[in-house]
Amino acid sequence: MWRRFTSLPLFFSHLQQVRRADELKICQAFCTEIVKPPVEGESNSRRSIPFVAFVLGGPGSGKGTQCLKIAETFGFDHIGAGDLLRKEMHSDSENGAMIQKLMKEGSIAPSEVTVKLIKKAIESAENRKFLIDGFPRSEENRIGAEPNFVLFFDCPEEVMVKRVLNRNEGRVDDNEHTVKERLKVYKAITLPVANHYAKKGKLYKVDGTGTQEEIFERVRPIFASLRLST
């Protein structure tokens with residue numbers, strides 16, 4: 001479902017920034033709206049409210065590759081939920097072994113773990129425009145979070161499987177058995193999330209077949225139509 005917005009609604013009630021004179025806290029989660037040019041007398045906290053797009057699609061749909069192109073072309077920070085989880089998996093944190101086990105099974109990490117990692121990435125960034133790649137992956141993830149819009153890469157299952165098995169990135173979950181389990185989870189849990197945003201008129205659906213350049217030419221007009229301050 002393609003939609004063009006006349007105005008982009010308030011983002012994240014799930015990440016709310018609280019500024020004080022000598023501290024910056026990130027509360028339960030994200031709160032944002034479309035970024036506007038600074039207005040004289042406007043508070044610093046108001047100016048720093050981020051603009052966020054969720055990016056969804058199955059494993060091998062090309063969303064990560066396209067996020068890199070969007071980030072480079074339009075000045076967004078790319079935050080990959082899967083990348084954050086893989087980094088956490090290889091750390092000495094208490095969640096590392098649990099994340100590795102879930103990834104091998106093709107399962108989804110607990111919502112609180114993923115949200116915590118995303119919050120930390122946003123808090124540490126200077127940019128206020130974000131692509132959250134691979135989030136939310138479930139209805140549980142979605143609770144309390146409202147993006148400015150959602151980009152969804154639609155791709156046939158056979159294409160996604162072929163891409164995953166051919167990318168040779170050494171990921172623990174890049175094997176035929178795991179990718180098929182991930183696709184089952186995607187269809188059962190993540191697709192309903194995309195449908196939720198489609199019903200709200202927030203979903204941009206993009207054909208994820210073809211070359212990287214062909215897909216990006218379908219994505220480019222969506223972001224070119226946005227007028228965001230840096």
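In which loop does Pro136 lie? Pro136 belongs to the loop between strand 5 (129-133) and helix 6 (139-142).

The legends below describe a predicted model, in which local features need pLDDT of at least 70, side-chain atom pairs count only at pLDDT 80 or more, and totals for chains, interfaces and linings use all residues. Residues are numbered from 1 along each chain as its sequence is written, and side-chain values use heavy atoms, with hydrogens and water left out.

**Figure 1. Overview of the protein.** The protein has 9 helices and 7 strands; helices (H or I, at least four residues) and strands (E, at least two) are DSSP runs, numbered from the N terminus. Of its 230 residues, 48% count as buried, where buried means under 20% relative accessible area, exposed over 50% and partly exposed in between (1.4 Å probe, protein chains only). Among contacts (heavy atoms within 4.5 Å) with a separation of 6 or more, 73% are between residues 24 or more positions apart.

**Figure 2. The peptide bond between Phe135 and Pro136 is cis.** Its omega is about 0°.

**Figure 3. Asn127 lies in the loop between helix 5 (111-124) and strand 5.** Asn127 counts as buried because its relative accessibility is 18%. A polar atom of its side chain lies 2.8 Å from the backbone oxygen of Gly75. The side chain of Asn127 also reaches the backbone nitrogen of Lys129 at 3.1 Å. Apart from neighbours within four places in sequence, Asn127 is in contact with Gly75, Phe76 and Asp77.

**Figure 4. Helix 3 (residues 81-89) packs with helix 4 (residues 96-105).** The angle is about 125° and the axes are 8 Å apart. Helix 3 is therefore oblique to helix 4. Axes are lines fitted to C-alpha atoms, for helices over the stretch in contact, and angles run from 0 to 180 degrees between N-to-C directions; those under 35 degrees count as roughly parallel, over 145 as roughly antiparallel, 65 to 115 as roughly perpendicular and the rest as oblique. The crossing of helix 3 and helix 4 is left-handed, meaning that the near helix is turned anticlockwise from the far one by less than a right angle, whereas clockwise is right-handed. Gly82, Leu85, Arg86, Glu88 and Met89 of helix 3 make the contact with Gly96, Ile99, Gln100 and Met103 of helix 4.

**Figure 5. Helix 2 (residues 63-74) crosses helix 9 (residues 212-224) at roughly 50°.** Their axes come within 10 Å, and the crossing is right-handed. Helix 2 and helix 9 are therefore oblique to each other. Helix 2 contributes Thr65, Gln66, Lys69, Ile70, Thr73 and Phe74, which meet residues of helix 9 including Ile215, Phe216, Val219 and Phe223.

**Figure 6. Glu217 lies in helix 9.** Glu217 is partly exposed, with a relative accessible area of 46%. Its side chain makes a polar contact with the side chain of Arg220 (3.3 Å). A polar contact is a pair of N or O atoms within 3.5 Å; within protein, one must be able to donate a hydrogen and the other to accept it, and residues adjacent in sequence count only if both atoms are side-chain atoms.

**Figure 7. Helix 7 (residues 157-166) crosses helix 8 (residues 176-199) at roughly 140°.** The axes of helix 7 and helix 8 come within 10 Å, and their crossing is right-handed. Glu157, Met160, Val161, Val164 and Leu165 of helix 7 meet Glu176, Val179, Leu183, Tyr186 and Lys187 of helix 8.
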